[in-house]
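Here is a short note for a colleague who is opening this structure for the first time. Please read the points in order.

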Amino acid sequence: MSEFALTRAERALFEALRALDVPCLLVGMGAALVEGAQGTTQDLDLWFGRIDSAKVGEAARRAGGFYTSGVGLQPPAIGGDGLERVGVVLTASGLEPFEAEYARSREYVLDEVRVRVLPLERVIVSKRAANRPKDAAQIPLLEAALAARRGSGLTD
Amino acid sequence: MNDASNDISDATRDLTPEQRAWVVHSEALWRKAHGIASTRPDLDVGDVYHALRSLELPPAERLRRGLTRVRVRAHPR
């Protein structure tokens, strides 16, 4: 278990976002994995309640990358070496406003950086609302993990 | 000694203490998984077992295992 889960740039980005007081939540399958679900993902999706371009750009710069607010079909994105897995999420299906979800989120220390994570039960709500084929395929594993958490006294 | 203890004793007779401990612990998790799944027929008991195993890992390790099963995209988004 000597390998880091996060790249150096991802760790730097999370640290910078926190230092710059930019609220964001790890959502989607990345959140589900942290909460104990089995599965895979290519992305670390970060949900921002609103984008402060200056601050997010500065955080990306500190991580050795950049931020673009999007152009043409390119949505807002954080790019750069080691940041390829980071996805910028601006709207989340089926969830309450960002502030409400942030208030009920859980904080984890991942590779020595603090990250706010959407609880598994809310990931399931979001995936059910999104109703994409890939989400539907993941739900049985997420439900099993939620039952395991509850059976272990880890979830309300 | 109940039936389950006898079964484990038989099944682990030739194992090292470490291997035996793993089997005993794993059996306990399977028992817990069956208990959880018994009230949820929509759940696969194996999925619950693996989730219980995952919950024993540090959160970063859970994430690492899920992320490293796939390749990083070749293009930024």
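1. Helices (H or I, at least four residues) and strands (E, at least two) are DSSP runs, numbered from the N terminus. Chain A has 6 helices and 7 strands. Along the sequence they follow the pattern α-β-α-β-α-β-β-β-α-β-β-α-α.

2. This is a predicted model: local features need pLDDT of at least 70, side-chain atom pairs count only at pLDDT 80 or more, and totals for chains, interfaces and linings use all residues. Residues are numbered from 1 along each chain as its sequence is written, while chains are lettered from A and ligands numbered from 1 in the order in which they are written.

3. The C-alpha atoms of chain A fill a box of roughly 40 × 40 × 25 Å, taken along the principal axes. Of its 156 residues, 45% count as buried (20 or more other C-beta atoms within 10 Å of a residue's own, with C-beta atoms placed from the backbone).

4. Now the hairpin. Strand 6 and strand 7 (residues 113-117) of chain A pair in the antiparallel sense over 5 bridges; pairing requires that DSSP finds at least two bridges between two strands. A:Leu110 stands opposite A:Val113 in strand 7 of chain A. The hairpin has 2 residues between the strands, and A:Asp111 takes a positive phi near 50 degrees.

5. How many residues of chain A are in contact with chain B? There are 32, and they meet 27 residues of chain B. Contact means C-beta atoms, placed from the backbone, within 7 Å. Helix 6 of chain A supplies the largest share of chain A's side, 9 residues.

Technical notes:
Contact = placed C-beta atoms within 7 Å. Buried ≥ 20, exposed ≤ 12 C-beta atoms within 10 Å, placed from the backbone.
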